[in-house]
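Please examine the sequence and the model shown below. The paragraphs that follow lead through the packing of helices and then through the chain as a whole.

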Amino acid sequence: MKLIKRLAICLIAVSLVFLIPFNRIPPLLTEAEAQVKHMVSPSPAAPSPSPANSRKMPDNAKMVKYPENGLPVLMYHSISTNPKNNLCVSEEQFDAEMEWLYSQNYYTLSMDEFCEALSDGASIPEKSVLITFDDGYPDNYKAAWPILKKYDFVATFFIITGTVETSSGMTWEQLKELVQGGNSIGSHTVHHHDLSTLSEAQQEKELGDSKKILEDNLGINVKAICFPSGKYNESTLRILPTLGYKVGVTTKGGDARRSDGQFTLCRIRIFGGMSLAGFKTKFQ
Ligand SMILES: [Zn+2]
C-alpha cells in the first residue's frame, strides 16, 4: 500500500514538472503536493564535513619560507569580559581583531602548517599568523570558536588535560568539534604546574601523560607544548624531543623566530582592553 502511495506521489511530481510552464507562477501547492515537490527537488546536498587540517592555502597569496625575522604567534587566554583581569579579552575586542586580520588577508596557520614551515622549510602565505589560546577555558569553545569560524580562521588550543570535563575546561566533545573544524590542540600539561620546579621524572609524566591523553581521546598527533606560566628548564628541553614534541611556546614577548629555538618560541600577548590601534602595531 505504501509503495502504491509513493508511486502515485511520484507520478504527480513528474506531471507537475511537465505541466507547469516555466514562465507562469505556479499555483499554491496543497500540503501533499508541497511534500512531493520537496521530494522531487531536494535542497542541494550539504557539504561533507571537511576533515581536520584539510584547508587549502589561498591560491592568490604570495608564498614564502619561514621568515628570518619571525612570525606573529598571538597568545590569548579567556574570551570573556572581566575588567579586573587583563588576560580576559572581550568577545567584542576579539571579533574586532579577527575582523582586522581578515580585512588584511591574513592566513591563520594550523599547528601542522606552522611546524612544517618552521622545521621542514615548507612555504606558507606571506601574511601568516598563528593564533593560540592557553588553558582551554570553556569560553574558547563558546565565544572564540564562533568568531573564528565567521572569518574562516583556525587556532591552536593548549589544553590542561586535568581540567577537561570540569567547570574550568572544555569537554571532549567540544574539543573534538574544534579538531573537526580544522583547529589544532596542544598540551599545556596535566596539572599546570611550574615545570622548572619539578624533577625530571615528574616533568616527563606531565609532558608525556598530557600528550597521550589528548592523542587517545581526540585521535590526533600532538606536536606542540605551551609551558605553564612560560616556565621550563634544561630538563624540559631535553625531554621534549624524546616524547615527540616538535614545537614549544613560551610567554616571552615578540615574534616567533627560528633562532630562538623550536621549543622556546616567543609569542605576542593580547591584553583585554588593548586598542585595535595597539593590536595593529604587532603586525608592523
Ligand atoms: Zn596557562
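Predicted model: local features only at pLDDT ≥ 70, side-chain atom pairs only at ≥ 80, totals over all residues.

Helix α3 passes helix α5 in a right-handed crossing; a crossing is right-handed if the near helix is turned clockwise from the far one by less than a right angle, and left-handed if anticlockwise. Residues are numbered from 1 along each chain as its sequence is written.

Two packed helices are described by the angle between their axes and the distance between the axes. The axes of α3 (residues 91-103) and α5 (residues 138-150) come within 10 Å and cross at roughly 25°. Axes here are lines fitted to C-alpha atoms, for helices over the stretch in contact, with angles from 0 to 180 degrees between N-to-C directions. The crossing angle therefore makes α3 roughly parallel to α5, since angles under 35 degrees count as roughly parallel, over 145 as roughly antiparallel, 65 to 115 as roughly perpendicular and the rest as oblique. On α3 the contact is made by E91, F94, D95 and M98, and on α5 by A143, A144, I147 and L148; two residues are in contact if their C-beta atoms, placed from the backbone, lie within 7 Å. By class, this contact of α3 with α5 has six nonpolar, no polar and two charged residues. Ala, Val, Leu, Ile, Met, Phe, Trp, Tyr, Cys and Pro count as nonpolar, Asp, Glu, Lys and Arg as charged, and the others, Gly among them, as polar.

A second pair is formed by α7 (residues 200-218) and α8 (residues 234-242), whose axes come within 10 Å and cross at roughly 45°. That angle makes α7 oblique to α8. Residues E200, Q203, E204 and L207 of α7 meet S235, T236, I239 and L240 of α8. The contact of α7 with α8 divides into three nonpolar, three polar and two charged residues.

Helix α9 (residues 276-281) contains L276. L276 is exposed, because 11 other C-beta atoms lie within 10 Å; 12 or fewer count as exposed, 20 or more as buried, and numbers in between as partly exposed. L276 and E97 are 179 residues apart in sequence, yet 6.6 Å apart in space, C-alpha to C-alpha.

The chain as a whole has nine helices and 12 strands. Of its 284 residues, 34% count as buried.

Notes. Helix = DSSP H or I, 4+ residues; strand = E, 2+ residues; numbered from the N terminus.
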